[in-house]
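Please walk me through this model in the viewer. Tell me what to select at each stop and what is there.

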Amino acid sequence: MDDSEIRKLLRFTLSEKRVIEELQIPPDAFIPLLFSIRYGGDWSLRKNSGRFMAVKEKVTRFDEDKMTGRTLEIVYLFLNPRVVREEGTVYRLEKCGSKNERELVKRPYRVVVDGDYILRAVLDPLDFKIKLKRLRKPLKFTGSGAYGVSHEMEHLEGRESRGTPFWEFKYEIEDD
């Protein structure tokens, strides 16, 4: 990394500090959002009496006439999240960072989540902005967003997902 890139990274990090102060949230609460933005994925953190969770969704907008598009990343940060409702069941393979291999787990298809504070961050790869907005009502997640909520809530509750190890599967070759 050259000097100019280091300066840009430091400027960006200072802007994160200013945003945290302006939003009036505990600095530790911002960590899951920062990790989702910097490294991707969903993140959660328990610190003292606080529980913080970031859930990321992706939305692709594509112009068929121009044959070009972009994928927006929408990250929701919850301070002290609470699952209000879960619906449906989906079986899926997951890997958690603390485990070496994937497991078959059961997750809800839909969840409604509330929190003491909810922040939405939208990253648009074409305008180089991270647009932040406080939201004041529970949010509904379907599909992969719901799975992410369920997984991260397990971490916040001090539990790890428990499922069937992938090696319980059997290979089967189908005829043409």
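Select Phe 35, Tyr 39 and Trp 43: ring pairs link these residues into a cluster. Rings of Phe, Tyr and Trp (its six-membered ring) pair if their centres lie within 6.5 Å; planes under 30 degrees apart are stacked, over 60 edge-to-face, and the rest tilted. By this rule there are six aromatic pairs. One of them joins Phe 166 and Trp 167, edge-to-face, at 5.7 Å centre to centre with 70° between the planes. Phe 166 counts as partly exposed because its relative accessibility is 42% (buried is under 20% relative accessible area, exposed over 50%, partly exposed in between; 1.4 Å probe, protein chains only).

A note on the model: it is predicted, so local features need pLDDT of at least 70 and side-chain atom pairs pLDDT 80 or more, while totals for chains, interfaces and linings use all residues. Residues are numbered from 1 along each chain as its sequence is written, and side-chain values use heavy atoms, without hydrogens and water.

Strands are DSSP runs of E, at least two residues, and helices are runs of H or I, at least four, numbered from the N terminus. Two strands pair if DSSP finds at least two bridges between them. Five bridges join strand 5 to strand 6 (residues 103-107). Select Glu 94: it stands opposite Glu 103 in strand 6.

Now the pockets. A pocket is an open set of points on a 1 Å grid over the protein atoms alone, where a 1.4 Å probe fits, with protein on both sides within 12 Å along at least five of seven lines; lining residues have an atom within 4 Å of a point. The largest pocket has a volume of about 560 Å³, the space filled by probe spheres set on the points, which are joined across faces, edges and corners. Select Phe 12, Ile 37, Leu 123, Lys 129 and Ile 130, the closest to its centre among 19 lining residues. Helix 1 gives the most to this lining, with five residues.

Last stop: the second largest pocket, about 160 Å³. Its lining includes Asp 42, Arg 92, Glu 94, Tyr 147 and His 151. Strand 5 and helix 3 (144-156) each give two or more residues to this lining. Helix 3 gives the most, with four.
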